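Trainee: I would like to work through this model step by step. May I put my questions to you as we look at it?

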Amino acid sequence: MRRNQMKKRFLTAFLSVMMVFCLSVSATAFLASAAAVPDDDTYTTNVDLTDKSNFKGVFAGSGNKVIAGEADEIWDFDTQNKTITSKGDLSTNDEVWSNFYYLYYDKADYKNFYMEVTLQHVGDRAGWSGLCFGVENTAKPAKDSANPKGGLTFVQGDGVYTWHDQQINNTEWNDTHIAAKDFNGLSDTVHKLKVYKNHIQYWLNDEDPIVVDLQPGDEALTSGKVGVAVTNKTVSVKSFKVTYLKADGTVGTDETIPATDIEVSGIENNGKATVGTPVPVTVNVLPKGSDGEYTFTSDKDGVYLTDGKLLFKNTGEYNVTFTAKSNPEIKKTFKITAEDADRTGYIAYPLTEEGMSAFESIGIAGNSGNGGAAAKWDDLFTLQDGVLARKVTAAGQVGNDYGVLYFNNRDRKNFELVYSAKGNSDNGWFGAFFAMTNKTQAGNQTGGSAFMQNASAAHNATIWGGTPVGGPYEGGSPSYVQNEFSTFKLRVFEGQIDFFVDDMVTPRISKTVEGDLTGAIALFADGGCNAQFKDVYFGMLDDEGNLIDYKAVESVSIANKAQTAYVGDKLDLTANVLPADATDKSVAFSSSDPTVAAVNAEGKVTFLSEGTVTITASSKDDASKKDSFTVTVSKKVTDVAVTSVSIQNKPTAATVGDKLTLTVKVSPDNATNKNLAFESSDKTIATVSETGVVTFLKAGSVTITVKSEADSSKSDSFTVTVSEKKEEKSGCGSSVAAASMIFAAGALAAAVLVIAKKRAE
């Protein structure tokens, strides 16, 4: 009953104003197929229904109850299904014309526009659903004095087209009494609204002709927010898009669209980035159709935004800001921590006094690029705090006085070389040589070179070489700044030469050649620009172009060291390298004095002359990992054989308890080994010590033998009879004592004769 009364009231008001305000309802036969607007990349916005910040919400209930605030206070956001649904429980009474839910798109204002919104009713409760526009105050209902040019277009629960616009008439609701064809609110329904000069057109789905086509004056329309308006029931928003139009209804805009927001994707606040790895960033100045221009700034140097990619040159914390040009108050700032790249698998080259042993130094004087010669590294460079600097010898001149550092044991055709460097004057070249077969020439003469031209006018990354490289080939490097370190990478793989500057993903210059690029590899700088190097890494590539996971040598040890050797001796060294899975376990051997001892590549030592010499085994991969030993070399003495052994004091009898120290003569007197071994045939009768002392223990017969240690066939012996000791009142005692006395008497007599003879003389 109440619904019928309302319809009668609406109809009366509708008829009274119809003639005055040129309302056209279907009589114009305006076709929806012609009015619909296709999406445009610039001017159409497909609104993200999962982002609550895109919207504001208002609920206007009975009794002038108004709830305004964040959208999720009025609407439920289902991010999984990407829908927004009105909170039905806010409607405390069942009044279709008083419980209004508004969902305003808050990111842009529209005067001339086309919008499509898909709605679906949930449940059987009566209610209206449609669209609103011209909203200037998003804290108030669209149908409110606070929004004097706000308008609504909707269908009632039975599909009847209805509208409201205070600028056209002051009627509360304008009921067309025309129902949408085959309307079923429980199914997805696309509401379409097109507003432009002298037209407010509204229809559902693809219905022809357009039912509502109002023709307001231009003053009736204003820029404002657009959105969804539903009443008294639960309704889900399933899609939402809006397109800017010109006054004539075509896509575009006749007015400047101020920036209201800026969206930045690809980075996050408090996020991380890797030095040398570009971060793709998408920046949108909203709404679409605004000039779209923005500026990029950072609180410190060393970060660049180029071609939509954010690139950090140095480690550290950065605050980067994106600002809409048309409205500097619209900005987004992100705190980003830039971290060092992971160099796992690369060989690190510490630039220290000890670390310089990993290089071979060559100086190429003049500007011909020829005639290089070995030099001490510190004649060409200075070293301080891990930074290697080329000495200036030809300030401001290019290609003069090359200082070259060749990597020892790194001749390859497939590799990556990564380093940081900078040039500190207005001219000069610095970079890397590769494929070098003649180290006395520069890389642009033979082999190849990849370098930075440190010129004030242009900073060109360059590839240049002899056959087959050719050149020069040049490419600009916008991130390179004089006196500021940049990171460089030279990658050579199967004839493909890539030279990177700061951006380690996209090369600045590339060249593909046919021919063998195997050769020595070096860092170089001419004498013109005071180039500095640091953080040097070398990577070996496998046959697929992948970085070989390099395992460094930790130690080298020689297993069979010698302390002495004779001239003419040989020794095959065994060198152990750890860890067992080190990438390069090859070892170089050296002698401190090759005239005393020579050692070949396989570790075979030949001792050549008398003297002291140190033999060293060093890792070819890291010369600081080594082991050594010092050996004294002497001439080998010729052995003199023993010809006879004779015991000088052989007793035939002895008494228990006696001791006898044997006197043994070894012949010849210059025998090499005069050592003796003593034996007793019966150790219970007599024992003999290592020094030849015989101890008689008990009565019996025993044989004492002495042998040459050098030749056991050379021996002597005697047999002695041992008797129990008897007490005697007089006499000379035992036979051993007697023998000793006789031997002593004979010696005394001989001495007397010698003395007498001397006196006679």
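Trainee: Which residue in strand 37 is the bridge partner of Asn460?

Mentor: This is a predicted model. Strand 36 covers residues 459-465, and four bridges join it to strand 37, the two running antiparallel. In strand 37, the bridge partner of Asn460 is Gly476.

Trainee: Which strands stand at the edges of the sheet, each with a single partner strand?

Mentor: Eight strands form an open sheet with antiparallel pairing, in the order 29-28-32-41-34-35-36-37. Each edge strand has a single partner, so one side of each is left without a neighbour in the sheet. The edges are strand 29 (373-374) and strand 37 (473-476).

Trainee: Are the rings of Phe100 and Trp128 stacked or edge-to-face?

Mentor: The structure holds 40 aromatic pairs. For Phe100 and Trp128, the ring centres are 6.3 Å apart and the planes stand at 75°. Planes over 60 degrees apart count as edge-to-face. The pair of Phe100 and Trp128 is therefore edge-to-face.

Trainee: How many residues apart in sequence are the parts that this pair ties together?

Mentor: Phe100 lies in strand 7 (residues 100-110). Trp128 lies in the loop between strand 8 (113-122) and strand 9 (129-135), so the pair ties together parts whose separation in sequence is 28 residues.

Trainee: Are the rings of Tyr102 and Tyr104 stacked or edge-to-face?

Mentor: Tyr102 is buried at 1% relative accessibility, and Tyr104 is buried at 0%. Their ring centres lie 5.8 Å apart with the planes at 25°. Because planes under 30 degrees apart count as stacked, the pair of Tyr102 and Tyr104 is stacked.

Trainee: Which residues form one aromatic cluster with Phe100, Tyr102, Tyr104 and Trp128?

Mentor: Phe100 and Trp128 are both buried. The cluster that holds these two and the tyrosines Tyr102 and Tyr104 also includes Phe154 and Trp173.

Trainee: Which residues touch the most other members of the largest nonpolar core?

Mentor: That core has 52 residues. Leaving aside neighbours within four places in sequence, Trp75 is in contact with residues including Tyr101, Tyr102, Leu103, Val228 and Val237. A second, separate core of 44 residues includes Trp377, Leu380, Val513 and Ala525. In the largest core, the residues that touch the most other members are Trp75 and Phe240.

Trainee: Over which ring does the charged end of Lys489 sit?

Mentor: The charged end of Lys439 sits over the ring of Tyr406, 5.0 Å from its centre. For Lys489, the charged end is 4.5 Å from the centre of the ring it sits over, that of Phe500.

Notes:
Residues are numbered from 1 along each chain as its sequence is written. This is a predicted model: local features need pLDDT of at least 70, side-chain atom pairs count only at pLDDT 80 or more; totals for chains, interfaces and linings use all residues. Side-chain values use heavy atoms; hydrogens and water are left out. Rings of Phe, Tyr and Trp (its six-membered ring) pair if their centres lie within 6.5 Å; planes under 30 degrees apart count as stacked, over 60 as edge-to-face and the rest as tilted. Buried means under 20% relative accessible area, exposed over 50%, partly exposed in between (1.4 Å probe, protein chains only). A charge sits over a ring if NZ of Lys or CZ of Arg is within 6 Å of the ring centre and within 35 degrees of the ring normal. A nonpolar core is a set of buried Ala, Val, Leu, Ile, Met, Phe, Trp, Tyr and Cys residues joined through side-chain atoms within 4.5 Å. Contact means heavy atoms within 4.5 Å. Two strands pair if DSSP finds at least two bridges between them.
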